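I opened my notebook beside the model and wrote down each thing I looked up. The entries follow in that order.

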Amino acid sequence: MWYLMLFQWLIADPSPSLTPHFEAQLLDDKVAIGYGLAIGDVDGDGKPDILLVDKNEFVWYRNGDWKRFVMVENLTESDNVCIAAADINGDGQVEVAVGAQWNPGETTDPVKSGSVHYLIRPADPTQKWTPVRLHHEPTVHRMRWAKAGDRYQLIMAPLHGRGNKGGEGVGVHIIAYEVPSDPTQPWAYTVIDDSMHITHNLDVFPDEHGDAVYIGGKEGVKAFQFTEGRWTAHRDGAWLVEGHSFGELRIGTGKDSRKFLAGIEPLHGNLLTTYIPTNGPFKKEHLERTVLTDQLNQGHGLAAVDLLKMGQDQLVVGWREKNQAGEIGVQLYIPKGTNDWEVIWIDEGGMACEDLQVADLNGDGKPDIIAAGRATNNLKIYWNKSH
């Protein structure tokens, strides 16, 4: 019976409004790793561009001709790892922060492991950007911009707590940075949580009073909101999920605009899961967990978005190593009915997915999929030609 309740609220229509169809375009076949992706208007022409974190470079690809421009190269001795890009001041161009010095085995020394930089744009964004070094913890791993009251803050999550070994020790310091009027001056920052051990990713989702921040990791998923000038546990509860290890997580929108959680479990895991409220609000005690597939291997890309104009989100998932059937790639999961999801291949065999994003790149009202491949060394757009 709970399966019926679970999917009745999720399903607005038993069939999609559009028939799914995607056409791949290869943008780059020389990507070294493709650690992370972000989407935003870099040059102020009103069109979203693609930003990529590669091994030694932070680059962007200009919408239209998709020409590649290097923003910063050789920023640190070790690899680059993450990026946050958003228009935080309303000028029509993204502000960019980056993480580098990727050295996950070194959890103690902040010189040898981790870095956070804000990038100051030049007058011509196709030229090199100027990095400003910020405070950081070792093993910097993920970051996002989040609305905090009437301003934005940069939220950064390391992989490990300082000095941790094997996920044991002090908690991970989740840090919120305040942007000064002069970004070259010191940035104030606060630790918004230190209770988790090993975090892997985070999601930012619009809430009643700004953005809510969701952190996923070894112990589950925690939720935060910005209230009275500081980040606190979310009003719906600090823990959204406990007892399951998360590698990736996304907050989606289901029937009647109700939120649900999608995840890849465990860290770098094989499971695609959903947590859907069946009898009450979006709180831990009302969520039902369902495993959609156990056939991922090193699952590392996830999005919850309405690609097909169903009035509710579908799931896009990618993984970076061959599964038991010898498959790598990107798939689309479409809710079809009670306990029933249709699975569509977006890319079968041609994308060892390290990260993926979804955005309407050509302004046709249909979001497109962008993915970066690790072992396949590529960057692709999957144009949404659904009809």
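**Entry 1: an open sheet**

I began with a sheet in this predicted model. I found four strands in an open sheet, in the order 1-29-28-27. Their pairing is antiparallel. Which strands stand at the edges? I noted strand 1 (22-28) and strand 27 (353-359). Each has a single partner strand, so one side of each is left without a neighbour in the sheet. I also looked up the twist: from one strand to the next it averages 20 degrees.

Next I followed strand 27 to its partner. Strand 27 and strand 28 (residues 368-373) run antiparallel, and six bridges join them. I picked out one pair of facing residues. Gly373 in strand 28 is the residue opposite Cys353.

**Entry 2: Arg320**

Cys353 came up again when I checked Arg320, as the two are in contact. I located Arg320 in the loop between strand 24 (314-319) and strand 25 (329-337). Is Arg320 buried or exposed? Its relative accessible area is 12%, and the cut-off for buried is under 20%. Arg320 is therefore buried.

I then asked what Arg320 touches, leaving aside neighbours within four places in sequence. The list holds His268, Asn297, Gln298, His300, Ile328, Ala352, Cys353, Glu354 and Arg374. The side chains of His300 and Arg320 are joined by a polar contact of 3.4 Å.

How many residues of strand 19 (residues 248-253) are buried? I counted five of its six, so I wrote "mostly covered". Strand 19 is joined to strand 20 (residues 259-265) by six bridges, and the two run antiparallel. I noted two pairs across them. Phe260 in strand 20 stands opposite Gly252. Lys259, also in strand 20, is the bridge partner of Thr253.

Strand 19 and strand 20 form a hairpin, with five residues between the strands. In this hairpin I found that Asp256 takes a positive phi near 60 degrees.

**Entry 3: Thr139**

I went back along the chain to another loop residue. Thr139 lies between strand 9 (130-134) and strand 10 (140-148). Its relative accessible area is 1%, so I put Thr139 down as buried. I listed what Thr139 touches, not counting residues up to four places away in sequence. Among them are Trp102, Asn103, Pro104, Pro158, Leu159 and His160.

**Entry 4: the whole chain**

Last, I looked at the chain as a whole. I read off one helix and 29 strands. The radius of gyration is 20 Å, close to the 21 Å that the globule rule gives for 387 residues, so the chain is as compact as a globular protein of that length. Its C-alpha trace spans about 55 × 45 × 40 Å along the principal axes.

How much of the chain is buried? I noted 58% of the 387 residues. The chain exposes about 15,000 Å², and carbon and sulfur atoms supply 46% of that. I ended with contacts between residues at least 6 apart in sequence: 49% of them join residues at least 24 apart.

Note on methods. Residues numbered from 1 in each chain as written. Predicted model: local features only at pLDDT ≥ 70, side-chain atom pairs only at ≥ 80, totals over all residues. Heavy atoms only, no water. Buried < 20%, exposed > 50% of the residue type's maximum accessible area, 1.4 Å probe, protein only. Polar contact = N/O pair within 3.5 Å; in protein donor to acceptor, adjacent residues only side chain to side chain. Contact = heavy atoms within 4.5 Å. Pairing = 2+ DSSP bridges. Axes fitted to C-alpha atoms, helices over the stretch in contact; angles between N-to-C directions. Rg over C-alpha atoms; globule rule 2.2 N^0.38 Å. Areas by Shrake-Rupley, 256 points an atom, 1.4 Å probe, with all protein chains shown as cover.
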